[in-house]
Amino acid sequence: MAMTGVLRPGHAQLRVLDMDESVKFYTDVMGLVETGRDASGRVYFKTRAERDHNSIVLRRADRAGLDFFAYKVLNKATLEELDGKLKAYGVVTERIPAGEMLETGERVRFQIPTGHTIELYAEKTDVGNGMTYNDPEVDVVDGKGIRPIRMDHALLYGGDIDGSRKLFEEVLGFNLVERVKLEDGATDLAVWLTCSAKAHDLAMVRHSEDNKLHHVAFQLASWEQVLRAADIMSINRVSIDIGPTRHGITQGTTIYFFDPSGNRLETFCGGYDHYPDNHPITWSWEHVGRGIFYHDRKLNPAFLSVLT
Amino acid sequence: MVIYTVTIEDDGSSYRCFESQTLLEGMESLGKKGIPVGCRGGGCGVCKVQVLTGSYTKRVMSREHISESDEAQGCVLACRVRPTSPIDLRVVGAMKKNVCRAVEPSGVPSLST
């Protein structure tokens, strides 16, 4: 679609158990750039290549997990329009004033049927990516840490993924890219949705408990970068769930691993482009192992059951 | 280098764990099984155990999985605990919500709906 409504994932606020340890991990291992700390103690990060002030916000808490996941929309008029559409759809929305998050404008916050808190916003300060807008150099990705290109998407676990999917499709203009069916051939076990031409901007898996985070993903430039990330993880004794491997679904190459509080992260590369005229791809239960992990061709128990 | 024996009462198995390792690292590094492995970061609660005898040091764990009364009764996450003596423990977590386990006999993992 023409990119006029919801543009892309904007920020994820994660709960961490030990802030000092987490800041060190996101800075030294992930290679993110710390961009600020607010009065409540939250610490803000962006990837080096991202232009907006923040994409990952850490909040110290006594349990791990995701506070909220946000999407940036085109402009303030779009934000108002989407708030109106959400209300007309029966969704209760809340306005979070500009400045509640550093360098971030007003946010529209709401809960989706799977219990997750989602936000929309139009404005965040462009602090730049170290390159100029005039006559820039090529961005050479080297130096310390994994240094992903961008915070790319999230996978959320919850009960009513049909309700959440419909809300994203019918109100926010997302498209269904892929789905996995349960044994009955009718019920969705999982769905992958996009608001852009990416293979996914959001994924959801049906689960017995609401409001759970499976992972927040970061994009890398190449398969070699995925392997380099795995080396950096082992050098730093990072807890790896699975990988490096490849997905059948989206076709991306991937590693799943955990931050020091047990929040699962993904570094991935690839995935095809999706356009609204593409038919969704459907995976049957018989082939779900190959769909999720193309080389292993089977699921691992931790991938399905370990959540924050 | 100080090393202690960790005994898992559930199956009677034991392994050796350096005092520099967490109970989970000690088990995993020997290729042993007995305590389920999750995030290894104190967040997911999968490796919840109750220490029956022995002393240990511990780090911050998610209150979603280890309440204050749990902690008072020696319930901890094996990924956050290092032994300072031989340890006897009982597995508590065991992926209670592991929907794979529920249908393992058929060999096909399934998610609950």
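Helices (H or I, at least four residues) and strands (E, at least two) are DSSP runs, numbered from the N terminus. This is a predicted model, in which local features need pLDDT of at least 70, side-chain atom pairs count only at pLDDT 80 or more, and totals for chains, interfaces and linings use all residues. Residues are numbered from 1 along each chain as its sequence is written, chains are lettered from A and ligands numbered from 1 in the order in which they are written, and side-chain values use heavy atoms, with hydrogens and water left out.

**View 1. Chain B in outline.** Chain B holds three helices and seven strands. From the N terminus, the order of elements is β-β-α-β-β-α-β-β-β-α. Of its 113 residues, 47% are buried (under 20% relative accessible area; exposed is over 50%, partly exposed in between; 1.4 Å probe, protein chains only). Among chain B contacts (heavy atoms within 4.5 Å) with a separation of 6 or more, 55% link residues 24 or more positions apart.

**View 2. The five-stranded sheet of chain B.** This open sheet runs S2-S1-S7-S3-S5 in chain B, with mixed pairing (two strands pair if DSSP finds at least two bridges between them). S2 and S5 (75–77) of chain B are the edges; each has a single partner strand, so one side of each lacks a neighbour in the sheet. On average, neighbouring strands are turned by 40° against each other, direction ignored (axes are lines fitted to C-alpha atoms, for helices over the stretch in contact, and angles run from 0 to 180 degrees between N-to-C directions). S3 (residues 48–53) and S5 of chain B run antiparallel, joined by three bridges. Val49(B) has Val76(B) in S5(B) as its bridge partner.

**View 3. The S1–S2 hairpin of chain B.** S1 (residues 3–8) and S2 (residues 13–18) of chain B run antiparallel and share six bridges. Ile8(B) is bridged to Ser13(B) in S2(B). Four residues lie between the strands of this hairpin, where Gly12(B) takes a positive phi near 75°.

**View 4. The nine-stranded sheet of chain A.** The strand order of this open sheet is S14-S15-S16-S13-S9-S12-S11-S10-S17 in chain A, with mixed pairing. S14 (240–246) and S17 (281–283) of chain A are the edge strands, each pairing on one side only. From one strand to the next, the twist averages 15°. S10 (residues 175–181) and S11 (residues 188–194) of chain A pair antiparallel over six bridges. Lys181(A) stands opposite Asp188(A) in S11(A).

**View 5. Helix H4 on the chain A sheet.** H4 (residues 223–235) of chain A lies across S14, S15 (253–258) and S16 (264–269), at about 20° to S15(A). The buried residues of H4(A) are Gln225(A), Val226(A), Ala229(A), Ala230(A), Ile232(A) and Met233(A). Down the axis of H4(A), these buried residues fall within an arc of 160° and so line one face of the helix (the arc is that of the directions from the helix axis to the C-beta atoms). They pack against H1 (19–29), S14, S15 and S16 of chain A. On the other side of H4(A), Glu224(A), Asp231(A) and Ile235(A) are exposed. Just after H4(A), Arg237(A) takes a positive phi of about 55°.

**View 6. Tyr26(A) in the largest nonpolar core.** This core has 59 residues (buried Ala, Val, Leu, Ile, Met, Phe, Trp, Tyr and Cys residues joined through side-chain atoms within 4.5 Å). Tyr26(A), Ile56(A), Phe110(A), Leu120(A) and Leu172(A) have the most contacts inside it. Leaving aside neighbours within four places in sequence, the contacts of Tyr26(A) include Leu14(A), Phe45(A), Ile56(A) and Leu265(A).
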